[in-house]
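Hi there,

Here is the structure I promised to pass on to you. Have a look at it first, and then read my notes below.

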Amino acid sequence: METNFEEIINGFLDSRVGVSNNFLSVKLANDLKKNLLTLYNEEALKLAGIGNDDDFIVNKKIRNDKIFWLDKNELKKSEKIFFDLIDSFVLYLNRSCFTGIKSYEFHYALFEEGAFYKKHIDQFKTHEGRAFSMIMYLNKGWVKEDKGELKIYTDTEIQLISPDNQKCVFFKSNELPHEVLVTNKSRMSITGWLKTS
Ligand code: OGA
Ligand code: NI
C-alpha cells in the first residue's frame, strides 16, 4: 500500500501528476464497478453540473458525464474499504508533505460512449477548499482505440493518461488544466477532491 502512496507522491513532486497503476486492488475495483453499474441501471446517476449550489448549471457542451456522490453515512462494504484506503492515503500525505487535508468528497462517474469533459480546472470560486484531485479508474482491458484519455496540461508538457482499471491519478486542483477526451466506450471512475477546509 505504502509503495503505491510513495509512487503517487514521487510522481507528483517530479512532474506535478502522480500516478499509481494499481492503487485499487483488482477485487476493490471490481466491487466498486459493480456498485456503479447498479446505480447506473437504477438511473441514480445524474448529469453532472458545473459550479455548485446556487451556480449549478448543466451544460452538456462542457461535460456530459453522469455522477453519483458517495455519502459516508450510506456506504456499501466495498465503499467502506475504499474510504479506509483514502483515509490511509490522506494520513500518509499529511505526514510526509504537511498538506493539512481535513476532508474530502468523492463521486462515481460514468462517461457514456461519446461523452467528454472539456478543458477545465477543478477549483471554482465556490470550491476553494479543493486542494488535490484524485481519479481512480474502473475499466478493465482498456485499449488505445477506446480513447477517453485524461489529458493534463502542465507548463512544460502534455500528459495523456489512459483510464486503466485500478489506476489512480493525483494532481493539484487549482493549477493544472485538464480534459477528458471523447470516449468510444463506457468509461467509469471514482473521482474526488482532498480539501483543506
Ligand atoms: C473531473 C475530471 C477526469 C477523469 O471530474 O473534474 O476532470 O479522468 N475527471 O475522469
Ligand atoms: Ni477535472
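Glu149 sits in the loop that runs between strand 6 (130-137) and strand 7 (150-153); strands here are DSSP runs of E with at least two residues, helices are runs of H or I with at least four, and both are numbered from the N terminus. This is a predicted model, in which local features need pLDDT of at least 70 and side-chain atom pairs count only at pLDDT 80 or more, while totals for chains, interfaces and linings use all residues. Residues are numbered from 1 along each chain as its sequence is written, chains are lettered from A and ligands numbered from 1 in the order in which they are written, and side-chain values use heavy atoms, with hydrogens and water left out.

Back to Glu149: is this residue buried or exposed? Glu149 is buried (under 20% relative accessible area; exposed is over 50%, partly exposed in between, with a 1.4 Å probe and protein chains only). Even so, Glu149 has no salt bridge, meaning a side-chain nitrogen of Lys or Arg within 4 Å of a carboxyl oxygen of Asp or Glu. The nearest side chain of opposite charge is Lys144, 5.5 Å away (Lys and Arg count as positive, Asp and Glu as negative; His and the chain ends are not counted). Leaving out residues up to four places away in sequence, Glu149 touches several others, including Lys144, Leu160, Glu179 and Arg187 (contact means heavy atoms within 4.5 Å).

Next, the metal. Which residues hold the nickel ion (ligand 2)? His120 (NE2), Asp122 (OD) and His178 (NE2) coordinate the nickel ion at 2.0 to 2.1 Å; donors are N, O and S atoms within 2.8 Å of the metal (3.2 Å for Na, K and Ca), and sites may look incomplete, as water is not among the atoms. The two histidines join distant parts of the chain: His120 belongs to strand 5 (residues 117-120) and His178 to strand 10 (residues 178-180), 58 residues apart. His120 is buried, with a relative accessible area of 13%, and His178 is buried too, at 3%.

Ligand 1 has both histidines around it, along with others, among them Tyr137, Leu150 and Trp193 (a residue is near if one of its heavy atoms lies within 4 Å). Its polar contacts (pairs of N or O atoms within 3.5 Å) include one between a ligand oxygen and the side chain of Tyr137, at 2.6 Å. Another oxygen contact, to the side chain of His178, is 2.9 Å.

Enjoy exploring!

Terms used. Polar contact = N/O pair within 3.5 Å; in protein donor to acceptor, adjacent residues only side chain to side chain.
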